[in-house]
Amino acid sequence: GAVLGRSWTPELIAAAAERDGVAADAALDELIVRQIVVENEAGELRFVHDKIRETAYAAIDLPERRRWHARAAAVLARSADDPAVWRRLAYHYQAAGDHVSAFEWTERAGRHAHAAGAYREAREHFEVACALMPSLPPRAPLERARLHRMYAEALDGVGEIDASGRQLMEALAALGRPLPHRRAGWISMLASEAARQVWLRVAPGSHIVPAAIAASCRSARSA
């Protein structure tokens, strides 16, 4: 139970422990009687105090922890159609040392939260995804840029403007676009981008930006 997090179902712990339901229920009943765990109204179990869980978790050596986390992820993967389990899937895969799978699920959870306008939750998922990315095989520039852009939007949604700007810079860098080196260059680039957005609004459906605006963008990046 300590590996599974703050709360878990009897079915989850039985499956992760590879024990039949009767044996698992007997062990859990004993823990409830001894007031080590309690059951909530939803039928989930949790430790009475976080300190008990932390102590139990610390007593498990690292290789064994990873095996338990891998088992938990394998069980949760059976319900992977449910977005509610994606956060826990990502957590268990990461704790098991499977960074590729952890990235896949935390990015997916971030996109789902972003689409729902849950920017605080999206921010948390994208933060994990960006932290994991350097440990993964190289990804396509467009994929990296898209992740940083969505992270920037999530940060902006929770009011972290400066951090959002840094992620936008990471997105541009992923695409190989040079950034201005001086303040005047930044001002020029922002102004030209604003002009481009105005043009696209005035002429919807037209993606041919006037040459003067395009030239302004190029000069800004060289500043």
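Tutor: Burial comes before the pairs: a residue is buried under 20% relative accessible area, exposed over 50%, and partly exposed in between, with a 1.4 Å probe and protein chains only. This is a predicted model, in which local features need pLDDT of at least 70 and side-chain atom pairs count only at pLDDT 80 or more, while totals for chains, interfaces and linings use all residues. Residues are numbered from 1 along each chain as its sequence is written, and side-chain values use heavy atoms, leaving out hydrogens and water.

With a salt bridge taken as a side-chain nitrogen of Lys or Arg within 4 Å of a carboxyl oxygen of Asp or Glu, the count comes to 8. Helices are DSSP runs of H or I with at least four residues, strands are runs of E with at least two, and both are numbered from the N terminus.

In helix α7, E127 and R123 form a salt bridge whose closest N and O atoms are 3.2 Å apart; the two residues are separated by about one helical turn because they are 4 residues apart in that helix. E127 is partly exposed, at a relative accessible area of 40%, whereas R123 is buried, at 18%. Helix α6 holds another such pair, R111 and E107, whose side chains meet at 3.4 Å, N to O, and which also sit 4 residues apart, about one helical turn. Here the Arg, R111, is partly exposed with 31% relative accessibility, and the Glu, E107, is buried with 13%.

An α-helix has 3.6 residues a turn, so residues three or four places apart point the same way. In helix α8, R149 and E153 lie 4 residues apart, about one turn of the helix, and their side chains meet in a salt bridge at 2.8 Å, N to O. Both count as partly exposed, R149 at 35% and E153 at 31%.

Now for the packing. A nonpolar core is a set of buried Ala, Val, Leu, Ile, Met, Phe, Trp, Tyr and Cys residues joined through side-chain atoms within 4.5 Å. The largest one has 31 residues, of which W86, L89, Y93, F103, W105, F126 and L147 touch the most other members. Leaving aside residues up to four places away in sequence, F103 touches A129, L132, M133, L136, R139 and L147, a contact being heavy atoms within 4.5 Å.

For the whole chain, 34% of the 223 residues count as buried, and its secondary structure comprises 11 helices and 3 strands. Of the contacts with a separation of 6 or more, 52% are between residues 24 or more positions apart.
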